[in-house]
Amino acid sequence: MKNTQDPSRVHFNDEDSNTSSNPSFESVLSARLSRRSILRGSVGTVATTMLGAASLSACGGGDDDTPSVTPTTPVNTPLKALGFAAVAKSLEDKVSVPAGYSFSVIYALGDPLRASTAAYKNDGTDTDYENRAGDHHDGMEWFGLAADGKPSTTAADRGLLGMNHEATTDEVRSSFFLHANGGTSTLPRPASEVDKELAIHGVSVVEVKKASDGKWSYIKDSAFNFRVTTLTDVEISGPARGNKLLITKYSPTGTKTRGTLNNCGTGKTPWGTLLTGEENWAGYFTRNATDNAARGNDKSVTALNRYGRSQGAASRHGWESAGSEDKYARWNNSKLGASADGSDDYRNELNGQGYIVEIDAYDKSKLAKKRTGLGRFAHESAAFGTPVVGKPLAAYMGDDSRGEYIYKFVSAANWDAADANPANRMAAGDKYLDSGKLYVAKFAADGTGQWIELALSTAAIAGYASYAFADQADICVNTRLAADAVGATKMDRPEWCSVNPVNGEVYFALTNNSNRRVEPSGSSQMAPDSANPRVYTDVKGGTTNQTGNPNGHILRIKEGAAGSAATSFTWDVYLFGAESTAAAGSVNLSSLTSDQDLSSPDGLVFSPSTGICWIQTDDGAYTDVTNCMMLAAIPGQVGDGAKKTLSYTKADGGALNVDTFVGKAPTADTLKRFLVGPKDCEITGLCETPDGKALFINVQHPGEGTAMANVADPSKYTSQWPSNAGYGAGKRPRSATIVITKNDAAASAADRASSQGL
Ligand code: FEO
Ligand code: CA
Ligand code: CA
């Protein structure tokens, strides 16, 4: 969902639930780790990718205390330079890619997923969304298929895309492009409208294939295709399974819930399943105005408030109003029944959302599982550290709301290479994701940081005055409260994270934060700190002041000597988002040029084939100048830049100095804009074929700024993409997957390997 500061729209990303008074850098932390970080990735084989071949880069040992990391992903020798010509910023209603590359639309909102489903008319009269592509395509992963239909890690011309359908384009409750007349903004909402909206959220898995002419398309009647919607049966797994916090009328045993919701970032497990993060799910639920008293003001009220559902909170769509049927009633999270345990109502229904959910993309007969061990918050992606045989796996995650935290899950089981291709993929998930330790990050001003375990054995959690944790399940369900208790660092909205396959360092996109202030007022504002050091004003459209950190930054960490199980790390800021014309000493700290400048990084995915760091934006701050975009980057490593002190002046004239660590500035060869999307879109989700020749990305919510009153007048849509790119019926804008290829894809590998150019 777009991160605009436009107050005329309701924005469910813009949550301010973290009113904890966590300090930023008061604590003196453990011994500082060496900041000398020498890249020690092994040199892989040179292969030819969409972006061409690369020259060898030097790798070396060193005398620092970092463990050697051997990438298990076959990174083709790390690139030294990006050879394509940068794409200019653009406000045009089209997708722009560099000269020499092409894109095509292959899978858009409403496209049928079985032969018997009617073609999408795209006029608001379509139904049967359980068998169509959902809306707001987001995170996406590739699952290769061999010619015989078996899973393959090398197949590059046939595979499944597993992708999120995060949300819908709304104005006052109604997903208006889905309804012929724009739908109903008032309560009660008609069941006919709500049924469409319930089915269009979730996940889809769709087969895609490359034809002999090199053209990609999705396979409408593939037996692999399936949807997971808000109504699909899903298992609760991990520490919270069967806990009383999960008891509902639907699942009196607390072992199941229905559906997955507001799915944003993704991840792919080392054993070949899809992980999907449930992000802004809380806003879909309502609570009655007197629900605190109905609950006897018990500790569930504290939990609900912390997750953004204070009593009287209205739901995003009003789904609870569509009738007495259970599928509507569940969206009212109030205590309505007389039972002591919640088995006669949906007072606990909110606890069934907010997880990393595992799905076997290859097998639609398997129930998805909510992996509660990875915590409950506004999840984005889940990125695994490079697996090392005999060591635990680490999965990194962010909580995307202003002032929320960064997390790590460490498996109890050590990695067994035989599990890379298991007979039962969901059982591998049980093994690695249901038992382990959950940590939250605390950043220090000296460039170090700590992972603090979220467990009852942590004194600050056992003795937390604001909330009495009963057990580990309670910590898994109320993760934000546990992280508050240990004084985790409030971040500038953690979005995607991804692991650099070259050296194992972990990158986190911190998209923006309108609540950073030199002198915070109120419990939701926060002062700058070393890991979130900027407070500035960015002017939009010549008149609108955007304050805080409107452009965001990308932070990276390097784990300590224990690798995945490390409890300390070093960090720096790889890149600060900024306009190229912004003040160099305080805002444009990464010295971005007009070919590189960006605002609000969100999607962040390292290519396993090239090691390129793809950066995607979901921006509302720079959109007076450019639509959202995707950039290619070749980053260095933690510690390659320098310390920098930012000086602020308080109202009383006093000084506030904030030390931070700025990564080495990118050059024209190491950061370039690769793509600009159509009007009012977000660019998100990325996966590629194993040979690197086809890159899939998603264009989410083009035309989002259209007024609902104009739904019947295409001339007033802010975007008509992708119909204006020749795809599909009707002119209503549609979220869609595109595939990008290099025009010389037919050239021989030898020709391309010698070209050296990207
Ligand atoms: Fe769905 Fe945080 O973006
Ligand atoms: Ca501006
Ligand atoms: Ca996102």
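In the predicted model, the buried residues of helix α3 pack against helices α2 (291-294) and α8 (479-485). Helix α3 spans residues 299-306, and its buried positions are S300, V301, A303, L304 and R306. The helix is followed by G308, a residue with a positive phi near 85 degrees.

A mixed, open sheet is built from 6 strands, arranged in the order β8-β7-β12-β11-β10-β9. Its edges are formed by β8 (256-258) and β9 (263-268), each of which pairs on one side only. Neighbouring strands of the sheet are turned against each other by 30 degrees on average, with direction ignored. Within this arrangement, β11 (residues 356-359) and β12 (residues 368-371) run antiparallel and are joined by 3 bridges; I356 stands opposite R371 of β12.

The largest nonpolar core comprises 62 residues, of which L161, I615, M630, L675, F696 and I740 touch the most other members. When its neighbours within four places in sequence are set aside, L161 is in contact with I106, M140, E141, W142, S204, V205, V206, V208, C687, F696 and T737.

Notes: Residues numbered from 1 in each chain as written. Chains lettered and ligands numbered in written order. Predicted model: local features only at pLDDT ≥ 70, side-chain atom pairs only at ≥ 80, totals over all residues. Heavy atoms only, no water. Core = buried A, V, L, I, M, F, W, Y, C linked by side-chain atoms within 4.5 Å. Buried < 20%, exposed > 50% of the residue type's maximum accessible area, 1.4 Å probe, protein only. Contact = heavy atoms within 4.5 Å. Pairing = 2+ DSSP bridges. Helix = DSSP H or I, 4+ residues; strand = E, 2+ residues; numbered from the N terminus. Axes fitted to C-alpha atoms, helices over the stretch in contact; angles between N-to-C directions.
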